[in-house]
Each structure stands twice: as C-alpha cells, then as structure tokens.
Amino acid sequence: MSEVKVVEAPGAAEIAEAKKWPTWNCEPSKFPWSYSQTETCYVLEGHVTVTPDGGQPVEIKAGNMATFPKGMKCTWEVHKYINKHYNFE
C-alpha cells in the first residue's frame, strides 16, 4: 500500500512553487477522504492527523509538505484550523 510522504522542512524552491497553488482550509473536524489523483500540499498553518485505511496515522503540521497517493482512502482529523496550498497531479 502506498503511504503518505511528509517532508518536514521542504526547500525554498519547493515552497516558492507551492505558493503558486490554490489554498484550502478547514476548521477542526474529522471526516473520511479519498484521493482520485495524487495530491501534494504545503501546510501554512494548523495540525492534522491523516490515517490511511489499514495504515498508520501520520501527523502533518505547519511548514510540512505532504504527498497523498492516488487511490488512497483515509480519515482526516483536523486538530487545529488548517490552511494549505495544494496541487493535484
């Protein structure tokens, strides 16, 4: 099974590219999600735990860049208001 990939300290070039992407935000909540495309995101603020179905929970926080594989089903638990740039491949 493909896993969520998290880069805790992305480079300046990666951050500059991510800042061109649209943004999405969400208040604290818990909900199921599935990915029909691979998504890469750069978290501007907040804290979330993403638990892939049948997998281990992954913590994602402000300053992290994460990639979610196409076809993954998971549960998002937003602990603190999250605001992120995102891009679908």
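What percentage of the 89 residues of the chain count as buried? The share is 38%, where buried means under 20% relative accessible area, exposed means over 50%, and partly exposed lies in between, with a 1.4 Å probe and protein chains only.

This is a predicted model, in which local features need pLDDT of at least 70 and side-chain atom pairs count only at pLDDT 80 or more, while totals for chains, interfaces and linings use all residues. Residues are numbered from 1 along each chain as its sequence is written, and side-chain values use heavy atoms, with hydrogens and water left out.

**Overall architecture**

The chain has one helix and seven strands, arranged along the sequence in the pattern β-α-β-β-β-β-β-β; helices (H or I, at least four residues) and strands (E, at least two) are DSSP runs, numbered from the N terminus. The C-alpha trace spans about 35 × 25 × 20 Å along its principal axes. A compact globule of 89 residues would have a radius of gyration near 12 Å, and the 12 Å of the chain agrees with this; the radius is taken over C-alpha atoms, and the globule rule is 2.2 Å times the number of residues to the power 0.38. Of the contacts in the chain with a separation of 6 or more, 77% are between residues 24 or more positions apart, a contact being heavy atoms within 4.5 Å.

**Surface and charge**

The accessible surface of the chain comes to about 5,200 Å², and carbon and sulfur atoms hold 51% of that area; such areas come from the Shrake-Rupley method with a 1.4 Å probe, and for residues only the protein chains shown count as cover. There are 9 positive and 11 negative side chains, and the centres of the two sets lie 2 Å apart. Lys and Arg count as positive and Asp and Glu as negative, without His and the chain ends, and each charge is placed at NZ of Lys, CZ of Arg, CG of Asp or CD of Glu.

**Nonpolar cores**

A nonpolar core is a set of buried Ala, Val, Leu, Ile, Met, Phe, Trp, Tyr and Cys residues joined through side-chain atoms within 4.5 Å. The largest has 17 residues, and those with the most contacts inside it are Val50, Ile60, Phe68 and Trp76. At least two residues of this core come from each of β4 (39-52), β5 (58-61), β6 (65-68) and β7 (73-88). Apart from it lies another core, of five residues, including Ile15, Trp21, Tyr42 and Met65.

Leaving out residues up to four places away in sequence, Trp76 touches a set of residues that includes Trp24, Trp33, Tyr35, Val50, Phe68 and Ile82.

| Residue | Relative accessible area | Class |
|---|---|---|
| Trp24 | 31% | partly exposed |
| Thr75 | 27% | partly exposed |
| Gln56 | 60% | exposed |

Trp24 sits in strand β2 (residues 23-26), and beyond four places in sequence Trp24 touches Phe31, Trp76, Ile82, Asn83, Lys84 and Tyr86. Although Trp24 and Asn87 are 63 residues apart in sequence, their C-alpha atoms are 10 Å apart in space.

Thr75 belongs to strand β7, and, with neighbours within four places set aside, Thr75 is in contact with Lys30, Phe31, Pro32, Thr49, Val50 and Thr51. Thr75 and Val43 are 32 residues apart in sequence, with 17 Å between their C-alpha atoms.

Gln56 is found in the loop between β4 and β5, where, not counting residues up to four places away, Gln56 touches Val50 and Thr51. From Gln56 to Tyr42, 14 residues apart along the chain, the C-alpha separation is 21 Å.
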